[in-house]
Amino acid sequence: MSIDWFWGLLGGLMIGGAAVLMLLLNARIMGASGILAGLMQPAGAVFRERAVFTLGLVGAPALVAFLWHAPEAHVTPNWLLLIIAGLLVGFGARLGNGCTSGHGVCGMSRFSRRSIIATMVYVGFGMVAVAIARHVLGVI
């Protein structure tokens, strides 16, 4: 019996729990792109909070992978494609004033119209990008 669903559930609970705690304890919306961008401008306690959040963002999955056998991730070995994809995601997050965690998790849970539209747009474009990459370019 496969328990791959467990990792998705655990990840979702962790992201949702972090979003709730950030909102309740700090009165701030958890948006990873904004938190990461804020690391470029060090400013006291806010900088430390963002650094700890980022450490948890990287450290929690690493800890889970170390303690348990996490499912395999299938990522393209094409570094150029990964760099272009990362730049496009960063550009889109800046253009949309937020990322998947800010809009998709926090914004939609608050029924923000802007976040619902942003989420529909980035999910739609993601589907188009995968279809083109897979069926037209044959890169994934």
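Predicted model: local features only at pLDDT ≥ 70, side-chain atom pairs only at ≥ 80, totals over all residues.
View 1. The relative accessible area of T54 is 16%, and because buried means under 20%, T54 counts as buried.

**View 2. Helix α1 and the residues it buries.** Helix α1 covers residues 4–26, and at 1.5 Å a residue its 23 residues should span 33 Å, which agrees with the 33 Å that separates its end C-alpha atoms. The buried residues of α1 are W7, A19 and M22, and the buried residues of this helix pack against α2 (32–38), α3 (44–67) and α5 (100–109).

**View 3. The residue that follows helix α1.** After α1 comes A27, and the phi angle of A27 is positive, near 55°.

**View 4. The aromatic pair of W5 and F6.** When the whole structure is searched, 1 aromatic pair is found. The ring centres of W5 and F6 are 6.3 Å apart and the ring planes stand at 85°, so the pair is edge-to-face, given that planes over 60 degrees apart are counted in this way. As for the two partners, W5 is exposed, with a relative accessible area of 52%, whereas F6 has a relative accessibility of 33% and therefore counts as partly exposed.

Definitions and conventions. Residues numbered from 1 in each chain as written. Heavy atoms only, no water. Helix = DSSP H or I, 4+ residues; strand = E, 2+ residues; numbered from the N terminus. Expected span 1.5 Å × (residues − 1). Buried < 20%, exposed > 50% of the residue type's maximum accessible area, 1.4 Å probe, protein only. Contact = heavy atoms within 4.5 Å. Phe/Tyr/Trp six-rings, centres within 6.5 Å; stacked < 30°, edge-to-face > 60°.
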